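Please look at the sequence and the three-dimensional structure shown here.

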Amino acid sequence: MDSFLYLRKSLKATLVGEAVAGYSHVLMMFGFAIIATAPALIISRMISPRRRSNPVKFLPMECGQVPSGAGRTHFMMQYYAFILMFVVFDVMAIFLYAWGSTILNLEKTATLPIIAFLGIMFGAMAYALYQSKRRDIW
Amino acid sequence: MSVIAPKFRLGYFLKSLTDNIFWIIVLLTLVGIPAIMIVLFFIDLPVLDGTLLTPFLAFTMMFHPELAVPVVKSLLYSDFFRIAAFPGFGFAALLAAGTIFAERKLLAKLQLRVGPFYCGKFEGILQLMADGLKLISKEIIIPAKADKPIFWTAPILFVATAAAFVSLIPVAPGWVVADLDVGLLAVFAIIGFFPIITILSAWSANSKFPFIGGIRALHQMVSFEIPLILSLLGVVILTGTLNLSEIVESQSNYWFIVFLPIGAIVFFISVLAELERIPFDLPEAESEIVAGWLTEFSGMIYGLVQLGSYLKLYAFAALFVVLFLGGWQGPMIVPPFPAEIITHGIEAGPITVQVPGLPITTQEMLNGTLWFTLKTVAVIFFILIPRGVFPRIRIDMLLSIGWNKLIALAFINIFIALGLLYAGVLGPGGLL
């Protein structure tokens with residue numbers, strides 16, 4: 001009974017497959033939306049005019065000018081610091097949900113370490129925000 | 001030039017007609033009927049009065065008035081109906097279409113214009129249909145050197161991801177497509193796909209304006225995801241569950257917006273940013289970067305992206321209702337189904353018709369759907385209003401709002417929730 005294939009829910013054990021089966025509805029909805037909207041593109045392709053007479057028509061939009069240079073270029077990614085911070089703090093936010101959803105079953109003393117964790121992360125975030133203003137280091 | 005079919009011959013016409021009939025019969029017998037059999041093998045058909053409801057039985061019951069209502073009911077409670085019609089795609093698409101029309105009329109009234117007026121007898125009510133026909137009959141222009149597979153699939157994926165988000169929203173008690181134990185985490189997981197689809201479509205277009213818009217969308221969605229996630233932690237602390245239906249049920253006495261107003265405000269502002277709506281419409285800023293990441297989209301591709309973004313709007317508004325405004329909870333205003341119809345049947349003059357199987361739905365479901373829809377429409381209205389009022393903000397202001405102010409407010413909200421829990425106001429033994 002202690003296999004990882006079983007989830008213990010109070011006294012009743014359920015197969016992991018049964019628990020995962022609930023997610024199939026999300027996938028079915030995803031698939032239904034694809035099946036329902038893809039015909040719109042196909043019908044549009046069938047009934048709309050397709051004229052390939054003018055090559056200028058297929059140039060990328062640059063406000064009427066003939067485009068210069070490649071569309072996909074290397075460029076300076078400003079505010080890159082925020083993307084790096086996201087990678088760290090998004091995981092932190094999800095960790096907090098593991099604590100928040102079980103807090104009614106935990107002892108009250110278990111809150112103190114989490115508040116310490118919050119304090120550390122908050123300090124780290126303040127430091128990262130302070131550093132993110134110095135754009136010359138990015 | 002203007003003559004239709006200049007070389008018309010009746011013989012050719014009859015030949016093409018018989019040809020078409022021949023091919024339809026051949027394809028139906030060789031492909032259609034086996035395909036139906038294969039599909040029927042995988043669908044679990046409902047059981048009615050102890051007998052399995054095969055398609056043959058369903059067709060015969062259509063002519064059997066006693067069983068018509070039970071057949072309709074068995075279809076109503078099937079998974080396919082939920083996904084395609086009521087709490088799923090059809091309901092959401094209907095509300096999204098209504099939102100598009102209401103937004104155009106509302107903005108026009110705010111700016112002292114008339115708005116859509118000429119399509120349809122009443123206030124241009126058919127404008128949306130006309131727009132759909134226009135979009136579907138326009139040519140789809142794909143820029144040269146674009147990454148064609150991604151460019152074609154990105155709009156479809158956008159709509160499908162928005163639909164997957166819609167599937168998690170409980171509309172009435174028991175009426176939800178996917179009732180997950182970790183519904184809220186699933187919502188966060190699905191929200192995480194939107195920036196990826198946006199940046200993929202922006203990169204695949206091989207054009208500069210979509211690329212700039214895509215990068216802006218990435219920054220915006222990514223930096224407002226953290227306040228969005230943190231602002232909902234207060235609700236999870238107070239309810240101790242991640243299931244959205246249970247969160248709604250726990251609000252039967254008090255809505256969470258009463259206790260966690262700061263969290264609700266932070267969540268609302270983050271939703272505005274995630275939806276790229278004014279004042280946070282930097283990725284589509286039409287006065288700076290043409291149309292942002294939508295620049296190279298034309299025809300039905302653009303139409304699908306619009307449908308996806310309004311489905312997303314409905315889903316976020318519904319999530320706000322579910323988490324802070326009590327979902328389907330509200331006073332019972334739908335009258336109960338008249339009992340004499342069940343016992344005596346419908347009387348019209350001398351004729352009495354017995355209709356077994358009524359009522360089709362319960363009173364709770366109708367009432368819940370009514371309240372949910374009313375609240376969702378109100379929240380959608382509040383999402384639309386800023387478009388007529390506010391200017392657009394700069395990207396550095398956007399990032400500083402997201403990272404400095406909203407995250408600090410979200411932390412304050414967490415401590416308010418903890419204080420309410422440990423002071424005994426809410427939680428076990430409290431008000432709820």
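The text below moves from the whole model to its chains, their contact, and some individual residues.

This is a predicted model, in which local features need pLDDT of at least 70 and side-chain atom pairs count only at pLDDT 80 or more, while totals for chains, interfaces and linings use all residues. Residues are numbered from 1 along each chain as its sequence is written, and chains are lettered from A and ligands numbered from 1 in the order in which they are written. The scores of the model are ipTM 0.82 and pTM 0.84. For chain B, the mean pLDDT is 85, and 94% of the residues reach 70 or more; pLDDT is the predictor's confidence in each residue, from 0 to 100.

Chain A has 138 residues. Four helices and two strands are found in this chain, and their order from the N terminus is β-β-α-α-α-α. Helices (H or I, at least four residues) and strands (E, at least two) are DSSP runs, numbered from the N terminus. Of the residues of chain A, 15% count as buried. A residue is called buried if 20 or more other C-beta atoms lie within 10 Å of its own, exposed if 12 or fewer, and partly exposed in between, with C-beta atoms placed from the backbone. An example is A:Ile114, which belongs to helix α4 (residues 111–132) of chain A. A:Ile114 counts as partly exposed because it has 17 C-beta neighbours inside 10 Å. Between the C-alpha atoms of A:Ile114 and A:Tyr79, which are 35 residues apart along the chain, the separation is 30 Å.

Chain B has 432 residues, of which 41% count as buried. Its elements are 18 helices and four strands. Taken along the principal axes, the C-alpha atoms of chain B fill a box of roughly 80 × 70 × 45 Å. Among contacts in chain B between residues at least 6 apart in sequence, 77% join residues at least 24 apart. Here, two residues are in contact if their C-beta atoms, placed from the backbone, lie within 7 Å.

Chain B is divided into domain 1 (51–79) and domain 2 (85–422), with bounds that come from an automatic or database domain assignment. Taken over C-alpha atoms, the centres of domain 1 of chain B and domain 2 of chain B are 35 Å apart. Six residues from domain 1 of chain B and five residues from domain 2 of chain B take part in the contact between them.

How many residues does each chain give to the contact between chain A and chain B? Chain A gives 47 residues and chain B gives 58 residues. On the side of chain A that touches chain B, the elements that give two or more residues are α2 (24–47), α3 (80–100) and α4 of chain A. Of these, α2(A) gives the most, with 17 residues. By class, this side of chain A has 31 nonpolar, nine polar and seven charged residues. Ala, Val, Leu, Ile, Met, Phe, Trp, Tyr, Cys and Pro count as nonpolar, Asp, Glu, Lys and Arg as charged, and the others, Gly among them, as polar.

One helix of chain B may now be followed in detail. Helix α10 (residues 208–231) of chain B has 24 residues, and it reaches 35 Å from its first C-alpha to its last, close to the 34 Å expected at 1.5 Å a residue. The expected span is 1.5 Å times one less than the number of residues in the helix. Because 23 of the 24 residues of α10(B) are buried, this helix is largely enclosed by the rest of the structure.

The loops of chain B also hold residues of interest. B:Asn206 lies in the loop between α9 (193–204) and α10 of chain B. The phi of B:Asn206 is near 55°, a positive value in a residue other than glycine. B:Asn206 counts as buried because it has 20 C-beta neighbours inside 10 Å. B:Lys145, in the loop between α6 (127–136) and α7 (148–166) of chain B, has a positive phi of about 65° although it is not a glycine. With 15 C-beta neighbours inside 10 Å, B:Lys145 counts as partly exposed.

The loop between α14 (261–274) and α15 (300–324) of chain B contains B:Gly299, and B:Pro279 lies in the loop between α14 and α15 of chain B. The peptide bond from B:Ile278 to B:Pro279 is cis, with omega near 10°. B:Gly299 has 20 C-beta neighbours inside 10 Å and therefore counts as buried. Leaving aside neighbours within four places in sequence, the contacts of B:Gly299 include A:Ser44 and A:Ser48, as well as B:Leu135 and B:Lys138.
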